[in-house]
Amino acid sequence: MFVAETARLEKNLLLLQARDPGLAAAVRQAPPDPRFVFVSARNGMSVPALRSPAGSHPLHSLYDPRQEASRLAESCSGAGCSVVFGLGAGLHVDSMLAEPSLQSLVVVEKDAGVLRSLMEGADFSRIFADPRVRIVCGFGELPGAIAAAWRPALVGALKTASLRAWCDREPEFFRGATAALQEAVDSVRADYGVQSHFGKRWFANMIRNLPLLRPAPARPSISAAAVTGAGPSLDVQAGRLASARAGSFLLATDTSLPALLQRGIVPDAVLSIDCQIY
């Protein structure tokens, strides 16, 4: 590796390590992808390209890569969260970061070897230093990244963009990444739908319970405990529970509470997670 490439890689790694130490370590240890080479566009900018027997295939326009990046960024205009497939030289990502509405941006790249090759040839200082950006290698971590980056009620719309020249060269990976993204989006939407549906009831219950607030009692000394959940076995165990309860702490899940009260069993505490009438 040339001195300039080494210095560029180390500069990029230093910034990435501050944000994602695990990914920075993976990039440092990964061998660079030998397919990549950097070529000059007509305006003098350096852009990554893929070697092949037929020549090199640039991932960005060789005429005006900045203008191409701006057009790609426009496809995500107005989004609070953007997901980008392919980092390339980061020109399109840099343009997206200028969008006033953008609050989070997830970049999906194939693996640490690809990322290392790109980091040897391009300066990602502005991208890696921006707290809105998260880089994901592979798509195993994509669901967690989306869950952290996209809160529909706070962030707004989610839009996607693809570095087409690179995605066309790795169709299998990016098809898998697209499927993983769709699954993650569906999961977030389902959770948001539950919150939207039950939000008013949760809020109303909190307001109604305010007059009942009192200092917490001293923490009990517990040597034995029983936990109940709703299910067929509760009918079988309820009689035994009533007779064997002496000296034990009884914790009921909210769905098992009605069945216990019908049998005259009052638990010491009730755990409620889902929205219930209580």
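Two strands count as paired if DSSP finds at least two bridges between them. Strands (E, at least two residues) and helices (H or I, at least four) are DSSP runs, numbered from the N terminus. On this basis, β1, β2 and β3 form an open sheet of three strands, in the order β1-β2-β3, with antiparallel pairing. β1 and β3 stand at the edges with a single partner strand each, so one side of each has no neighbour in the sheet. The twist from one strand to the next averages 50°. Angles run from 0 to 180 degrees between N-to-C directions, and axes are lines fitted to C-alpha atoms, for helices over the stretch in contact.

The model is predicted; local features need pLDDT of at least 70, side-chain atom pairs count only at pLDDT 80 or more, and totals for chains, interfaces and linings use all residues. Residues are numbered from 1 along each chain as its sequence is written, and side-chain values use heavy atoms, with hydrogens and water left out.

Within the antiparallel sheet, five bridges join β1 (residues 36-40) to β2 (residues 46-52). Ser 40 has Ser 46 in β2 as its bridge partner. The hairpin of β1 and β2 has five residues between the strands. In this hairpin, Gly 44 takes a positive phi near 95°. The pairing of β2 with β3 (residues 55-58) is also antiparallel, over four bridges. Here Arg 51 is partnered by Ser 56 in β3. Two residues lie between β2 and β3 in their hairpin.

A second open sheet of three strands has parallel pairing and the order β8-β9-β10. Its edges are β8 (225-228) and β10 (269-271), each with a single partner strand, so one side of each is left without a neighbour in the sheet. Neighbouring strands of this sheet are turned by 25° against each other on average, direction ignored. β8 runs parallel to β9 (residues 249-253), and four bridges join them. Val 227 stands opposite Leu 251 in β9.

Helix packing was examined next. Two packed helices are described by the angle between their axes and the distance between the axes. Helix α2 (residues 21-29) packs against helix α5 (residues 112-121) at an angle of about 80°, with the axes 8 Å apart. The two helices are therefore roughly perpendicular to each other. Angles of 65 to 115 degrees carry that label, while those under 35 count as roughly parallel, those over 145 as roughly antiparallel and the rest as oblique. Contact means heavy atoms within 4.5 Å. From α2, Leu 23, Ala 26, Val 27 and Arg 28 meet Ala 112, Leu 115, Arg 116 and Met 119 of α5. The residues of this contact comprise six nonpolar, no polar and two charged. Ala, Val, Leu, Ile, Met, Phe, Trp, Tyr, Cys and Pro count as nonpolar, Asp, Glu, Lys and Arg as charged, and the others, Gly among them, as polar. α5 also lies across β1 and β2, running at about 30° to β1.

A cavity is a set of points where a 1.4 Å probe fits but cannot get out; a pocket is an open set with protein on both sides within 12 Å along at least five of seven lines; lining residues have an atom within 4 Å of a point. Grid points are joined across faces, edges and corners, and a volume is the space filled by probe spheres set on the points.

The second largest pocket holds about 250 Å³ of space. Its lining has 14 residues, with Arg 66, Ala 89, Leu 91, Ala 122 and Asp 123 nearest the centre. Helices α4 (91-96) and α6 (125-129) each supply at least two lining residues. The largest share, three residues, comes from α6. By class, this lining has six nonpolar, four polar and four charged residues.

One cavity of 30 Å³ or more was counted. The largest cavity has a volume of about 30 Å³. Ala 73, Cys 76, Ser 77, Ser 82, Met 96, Glu 99 and Leu 102 line this cavity. Four of these residues are nonpolar, two polar and one charged.
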